[in-house]
Amino acid sequence: MAKSDYGVTKHYDIIRTVAQELNLSQTLVTRVYRAINNATLDALNAGTSVSVPRIATFELVDVDARKGRNPRTGDIVDVPAKTVVKVRRRKGLNDVSKNLS
């Protein structure tokens with residue numbers, strides 16, 4: 001798979017590679033890619049975790065309110081509670097990182 005500028009593989013590189021490997025049009029693969037993205041975001045918006053086998057699990061986690069520090073002024077500020085998306089690596093990603101070490 002080719003890398004785009006700055007050594008990063010972009011979504012369009014993945015779309016091009018999948019289209020070539022499966023002998024499909026890039027338009028069709030782009031539609032599938034967008035549908036997967038939309039389904040993932042819809043599931044997270046509904047409060048459901050999303051598991052992509054061998055890649056990652058995405059889940060919503062509540063983070064408590066806390067005290068923070070303004071880096072410019074040094075003043076202590078209140079950081080409100082919020083819900084964030086937590087990404088847990090699955091075996092496929094863990095294997096990649098182990099092979100790089």
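How many salt bridges does the structure hold? There are four, where a salt bridge is a side-chain nitrogen of Lys or Arg within 4 Å of a carboxyl oxygen of Asp or Glu. The model is a predicted one, in which local features need pLDDT of at least 70 and side-chain atom pairs count only at pLDDT 80 or more, while totals for chains, interfaces and linings use all residues. Residues are numbered from 1 along each chain as its sequence is written, and side-chain values use heavy atoms, with hydrogens and water left out.

Side chains of opposite charge can pair when their charged atoms come close. One of the four salt bridges joins arginine 16 to aspartate 13, at 3.3 Å from N to O. Both residues lie in helix H1 (residues 11–22), three residues apart, which is about one turn of the helix. Helices (H or I, at least four residues) and strands (E, at least two) are DSSP runs, numbered from the N terminus. Arginine 16 has a relative accessible area of 31% and is partly exposed, whereas aspartate 13, at 4%, counts as buried. Here buried means under 20% relative accessible area, exposed over 50%, and partly exposed in between (1.4 Å probe, protein chains only).

Lysine 91 counts as exposed because its relative accessibility is 57%; aspartate 95, at 25%, counts as partly exposed.

Lysine 67 and aspartate 78 also meet in a salt bridge, at 2.5 Å from N to O. This pair links distant parts of the chain, 11 residues apart, with lysine 67 in strand S3 (residues 66–69) and aspartate 78 in strand S4 (residues 76–79). Both residues are exposed. The two strands pair in the antiparallel sense over four bridges; strands pair if DSSP finds at least two bridges between them. Arginine 66 stands opposite valine 79 in S4. Six residues lie between the strands of this hairpin, and glycine 74 takes a positive phi near 85° there.

What sheet do the remaining strands form, and in what order? Three strands make an open sheet in the order S1-S2-S5, with antiparallel pairing. Strand S1 (50–52) and strand S5 (82–89) stand at the edges with a single partner strand each, so one side of each has no neighbour in the sheet. From one strand to the next the twist averages 30°. Strand S2 (residues 56–63) is joined to S5 by eight bridges. Within that pairing, phenylalanine 58 has valine 87 of S5 as its bridge partner.

Two packed helices are described by the angle between their axes and the distance between the axes. For H1 and helix H2 (residues 26–45), the angle is about 125° and the axes are 9 Å apart. That makes H1 oblique to H2, since angles under 35 degrees count as roughly parallel, over 145 as roughly antiparallel, 65 to 115 as roughly perpendicular and the rest as oblique. Axes are lines fitted to C-alpha atoms, for helices over the stretch in contact, and angles run from 0 to 180 degrees between N-to-C directions. The contact (heavy atoms within 4.5 Å) is made by His11, Ile15, Arg16, Val18 and Ala19 of H1 and by Gln26, Val29, Thr30 and Tyr33 of H2.
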